[in-house]
Amino acid sequence: MSAVDADVLVVGAGIVGLSCALFLQEDGLEVTLVDPAAPGSGTSSGNAGIISVASVMPIVTRETLKAVPGMLATPAGPLSLRWRYLPSLAPWLVRAALATRKATVERAMVGIQALASRALRAHEVLVQRAGAGDLWHSKGWVKVSLDRAALERFLASETPALERFGVAHEVLDRGALHDLEPGLSSEVAGGLWLTGNREISDPRAYSDRLAALFFERGGKHLRRQVRGLAIEGGEVTGLLTNDGTLRARTVVIAAGAFSADLAAAAGHRVPLEAERGYHLMLPQPVDPDGRKLLGRPVYCMDPGFVLAPMDHGLRLTSGVELASTEAAPDFAIPRRLLPIARRYLPGLEERVVSEWQGCRPSLPDSLPVIGKSRRHPNVHFAFGHQHLGLTLGPVTGRIVADLVAGRDPGLDLTLYAPDRRFW
Ligand SMILES: Cc1cc2nc3c(=O)[nH]c(=O)nc-3n(C[C@H](O)[C@H](O)[C@H](O)COP(=O)(O)OP(=O)(O)OC[C@H]3O[C@@H](n4cnc5c(N)ncnc54)[C@H](O)[C@@H]3O)c2cc1C
């Protein structure tokens, strides 16, 4: 190959692309990020900040499927659908329904857990190298409910998997929950405290620190839109962009919910959809002594949203909207949650400081695509981390670096293969 623009070109500078870039640099490689947007400014900026190593269940299960009609019928429910998008979405929905089969759920649990159990170590390396310790917290998150019976049902379905995989947790009755989080209403019946989780108190700042480390080490960022793969004599030699061709020995596709076309260019048809989500930033509720009213992120089960105390306010994150990545945001979706959020946290002020929408990149079996292309072994994939991209970005970066270096990443990569059966 003639002169290259970088050893590795990484498409997409979200948390996944940044993590790949940093772990590749640890191997002494020259890395260029290619993204028209600023690093970490997409979906990776607006999430709830939870390093959710306790999330072992896939998103779509038989229980969720049964609940879908009820969810869609509830205006403030955790799932909404743009009906005009249904014909395009239907094949993904069918595959997601098929992926609730016992064997596929089992594969998903094993696959998520294998990544989650390595996630903290990978974050800790990056947090330490990037000097991001002030953004990293270890209070764990709590899943709470207003309804005792719903909480009991949730615990019955969730705790067996947590016990099986040795995930640290504590069941809290009403009293214990209020000792932990006195700002929550006495209406809240109890909860599940996932004590081993970690929190990032400003996801955008985390990406900024990672990007600063990347640039300090000589990494480059080209603000270009990637349109395809450059292929010469059957071999991938780089990327076709809106501003010319870039050449490299290795290419990593980490473009989040926008990765499917690039995977197709390498010969892999992946059923990737966006589970869109929203956040509202609200003023930080504080007690008379100025302490935050919420000490840790709280998942409010009915109807399903998160309240996360962040460095610059309280973040309310919504459930899932199924719609095209191109559709205009509908901020009525998260705003409907405000009065419900006040039932959980009476000190919450319903004054929206800012609002945001992003796209969780999701495959029907809830597992990401991580690995190399069979057809083009110098093309690597790192996308589809659904609700867990912040959690699993760094471990994904480490695996990609291992693959590029020819090291054994030490886990069964067939679970995440780009040509697996996704349902
Ligand atoms: C409301 C909400 C709450 C969430 N909460 C959590 C949480 O608490 N914990 C957790 O672990 N996860 C959470 N997630 C999920 C997590 O945010 C995502 O999984 C993660 O951000 C995906 O990261 P990414 O790097 O793959 O994609 P992105 O952050 O979307 O980055 C992809 C990048 O690729 C670029 N790109 C796209 N197409 C091209 C192209 N053709 N050429 C060049 N560049 C391109 C984009 O500009 C973008 O910068 C949440 C998501 C949402 C929406």
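Guide: Let's start with a pair of strand residues: W136 has I200 in β9 as its bridge partner. Strands here are DSSP E runs of at least two residues, helices are H or I runs of at least four, and both are numbered from the N terminus. Before we go on, this is a predicted model, so local features need pLDDT of at least 70 and side-chain atom pairs count only at pLDDT 80 or more, while totals for chains, interfaces and linings use all residues. Residues are numbered from 1 along each chain as its sequence is written, and side-chain values use heavy atoms, with hydrogens and water left out.

Visitor: How many bridges pair β5 with β9, and in which sense?
Guide: Two bridges, in the antiparallel sense, and β9 covers residues 198–200. Two strands count as paired if DSSP finds at least two bridges between them.

Visitor: What order do the strands take in that open sheet?
Guide: The order is β3-β9-β5, three strands with antiparallel pairing. The edges are β3 (50–51) and β5 (136–137), each of which pairs on one side only.

Visitor: Now for β1. How many of its residues are buried?
Guide: Six of its six residues are buried, so strand β1 (residues 6–11) is mostly covered. Buried means under 20% relative accessible area, exposed means over 50%, and partly exposed is in between, using a 1.4 Å probe and protein chains only.

Visitor: Which strands pair with β1?
Guide: One is β13 (residues 244–253), which pairs with β1 in the parallel sense over five bridges. There, V8 stands opposite T250. Another is β2 (residues 31–34), which runs parallel to β1 and is joined to it by four bridges. L9 has T32 as its bridge partner in β2.

Visitor: Where does the chain go between β1 and β2?
Guide: The chain crosses from β1 through α1 to β2, a right-handed β-α-β crossover. Right-handed means that, with the strands pointing away from the viewer, the path from the first strand over the helix to the second runs clockwise.

Visitor: Let's switch to the ligand. Which residues come nearest?
Guide: There are 34 residues around the ligand, and D35, S44, I50, Q386 and T391 come nearest. A residue is near if one of its heavy atoms lies within 4 Å of the molecule or strand in question.

Visitor: How much of the ligand does the protein cover?
Guide: The protein covers 94% of the 1000 Å² of accessible area that the ligand has on its own. Accessible areas come from the Shrake-Rupley method with a 1.4 Å probe, and for residues only the protein chains shown count as cover.

Visitor: Which element supplies the largest share of that shell?
Guide: That is α11, with three residues. The elements that each supply at least two are α1 (15–26), β14 (273–282), β19 (354–362) and α11 (389–405).

Visitor: And how do the shell residues divide by type?
Guide: Into 16 nonpolar, 15 polar and three charged. Ala, Val, Leu, Ile, Met, Phe, Trp, Tyr, Cys and Pro count as nonpolar, Asp, Glu, Lys and Arg as charged, and the others, Gly among them, as polar.

Visitor: Back to Q386. Where is it, and is it buried or exposed?
Guide: Q386 sits in the loop between β21 (379–383) and α11. Q386 counts as buried, at 7% relative accessibility. Q386 also has a positive phi of about 40°, although it is not a glycine.

Visitor: What about the backbone at S366?
Guide: S366 has a positive phi of about 65° and is not a glycine either. S366 lies in the loop between β19 and β20 (369–372), and is buried with a relative accessible area of 4%.

Visitor: Last one: where is the cis peptide bond?
Guide: The cis bond joins D302 and P303, with omega about 10°. P303 lies in the loop between β15 (298–300) and β16 (305–310).
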